[in-house]
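Try each task yourself, then read through the solution.

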Amino acid sequence: MSTLSILADNIRYLRLKQAPNLSQEKIAEKLMISRDSYAKYETAKYTPPLDVLLGISRYYHISTDLLLTVDLRKYKLEEMLNLPDNRILLPIKTDSLGENKIEIVPYKAKMGYLKGYADPEYIEGLQTMSLPFLRNGKYRAFPAEGDSMPPYKDGTYVIGEYVERISDIKLGKVYLLITRTDFIFKRIESVNKKSITVKSNESFYENYEIPFSDLWEIWQHAGSYSPQELEIIDFASEDVKSMLLRLMQEIKELKAAIKN
């Protein structure tokens with residue numbers, strides 16, 4: 001689908017869904033253009049000039065990037081985070097019980113994620129899981145591979161909670177940082193004017209800076225999950241961890257009793 005077609009479908013959808021009583025004539029008046037011109041934008045016959053496009057964006061409070069690149073009919077706007085710099089859109093998925101669905105970025109898919117993270121359809125295609133104690137916020141699970149995320153073994157998934165603003169970063173806490181080229185699992189040493197300084201848990205690694213311009217996503221470490229061993233590891237709350245371990249033990253005992 002072309003950019004012009006996406007834009008036409010989006011502005012027609014927004015007018016009919018968000019303001020069902022808003023006629024083409026009324027929106028044209030607000031944009032200070034003729035109804036005939038506006039109608040041609042909704043039917044993809046003409047491309048609106050930049051000032052009109054900005055006017056539509058401001059009226060609906062939706063970035064121009066999303067208007068031009070994302071088919072908004074496929075998503076519930078109230079369940080999305082329209083993130084800074086017009087870069088990405090994060091759908092907040094829930095299951096039938098209302099629990100957050102946590103997308104799982106698969107192993108061997110680092111480059112695919114770095115290329116597709118800005119595409120809601122790519123994110124929507126990821127497998128998901130739900131953890132009932134992670135309800136408020138937006139979470140995602142990333143694979144720990146090799147030495148990239150010590151002390152985790154291969155096969156473990158590191159779960160992060162999305163951080164919208166750099167000003168929300170907490171010094172001394174561990175974050176999963178998505179940059180232009182890599183996943184970086186580090187502790188935040190300082191937030192500078194144009195960069196952040198990170199440090200490793202291993203003392204033999206030196207601190208280094210990541211420019212804001214290279215930083216695409218920030219996820220605060222919330223815990224980890226090992227599907228091979230079917231266990232939840234090192235979540236921040238010891239009470240939660242204790243509860244989960246006790247629950248898993250009870251399940252094992254119940255399964256053993258059933259077999260006998």
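**Exercise 1.** How far apart are D9 and R12 in helix α1?

*Solution.* Start with the helix: α1 covers residues 3-18, and D9 and R12 sit three residues apart in it, so about one helical turn separates them. (Helices are DSSP runs of H or I with at least four residues, strands are runs of E with at least two, and both are numbered from the N terminus.) Next, check the contact: D9 and R12 form a salt bridge, with 2.6 Å between the closest N and O atoms. That term means a side-chain nitrogen of Lys or Arg within 4 Å of a carboxyl oxygen of Asp or Glu. Last, look at accessibility: D9 is buried at 14%, while R12 is partly exposed at 28%. (Buried is under 20% relative accessible area, exposed is over 50%, and partly exposed lies in between, using a 1.4 Å probe and protein chains only.)

A word on the model: it is predicted, so local features need pLDDT of at least 70 and side-chain atom pairs 80 or more, while totals for chains, interfaces and linings use all residues. Residues are numbered from 1 along each chain as its sequence is written, and side-chain values use heavy atoms, leaving out hydrogens and water.
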